[in-house]
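Trainee: Could you take one part of this model and go through it closely, with the contacts around it? Please give the cut-offs as you go.

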Amino acid sequence: MSNDAVDLSAEDAKLVTLARATRARARADEGAAVRDLDGRTYAAASVRLAHLDLSALDVCVAMAVSSGSAGLEAAVVLADGEPALHAVRDFAGAGVPVHVGDARGAIARSIAT
């Protein structure tokens, strides 16, 4: 896997690996991973049920919040289409880097909340 379009730190590359593996294991549309301010990581896949529809990034944020995290350092989302950053912004504020890639884990760009 190559991330030629975006130069990632080793810690952010770890997030890509976690998001990719979680997405594949769950056979989900999306995979995501975040790193909180204490360096803890959370990885999740999207949830698509009749009465519950969550993006992978939303699940990661919920996991971090429910674990007592105070904020996020970085996030990765692997999905087709434009990721919704509302939950990340609500929880962690502006300026959090979000690396966006395809289902294979190729990061095409980085955006900030």
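Mentor: R48 has a relative accessibility of 39%, which makes it partly exposed. That class sits between buried (under 20% relative accessible area) and exposed (over 50%), with a 1.4 Å probe and protein chains only. The model is predicted, so local features need pLDDT of at least 70 and side-chain atom pairs count only at pLDDT 80 or more, while totals for chains, interfaces and linings use all residues. Residues are numbered from 1 along each chain as its sequence is written, and side-chain values use heavy atoms, with hydrogens and water left out.

The side chain of R48 meets that of D29 in a salt bridge, with 4.0 Å from N to O. D29 is in the loop between α1 (10–26) and β1, whereas R48 belongs to strand β3 (residues 47–49), so the pair ties together parts 19 residues apart in sequence. Here a salt bridge means a side-chain nitrogen of Lys or Arg within 4 Å of a carboxyl oxygen of Asp or Glu, and this rule gives a count of nine. Helices (H or I, at least four residues) and strands (E, at least two) are DSSP runs numbered from the N terminus. D29 is exposed, at 52% relative accessible area.

R48 also forms a salt bridge with D53, where the closest N and O atoms are 2.4 Å apart. D53 is exposed, at 55% relative accessibility. Through shared partners, salt bridges join D29, E30, R48 and D53 into one network.

Next comes strand β1. Six of the six residues of β1 (residues 31–36) are buried, so the strand is largely enclosed by the rest of the structure. In a regular strand the side chains alternate between the two faces of the sheet. In β1, G31, A33 and R35 point one way, and A32, V34 and D36 the other.

β1 runs antiparallel to β2 (residues 41–45), to which five bridges join it; strands count as paired if DSSP finds at least two bridges between them. V34 stands opposite Y42 of β2. The two strands form a hairpin with four residues between them, and G39 in the turn has a positive phi of about 90°. β1 also pairs with β5 (residues 72–78), again in the antiparallel sense, over six bridges. There R35 stands opposite A74.

D36 forms a salt bridge with R40, the closest N and O atoms being 2.8 Å apart. R40 is partly exposed, at 32% relative accessibility.
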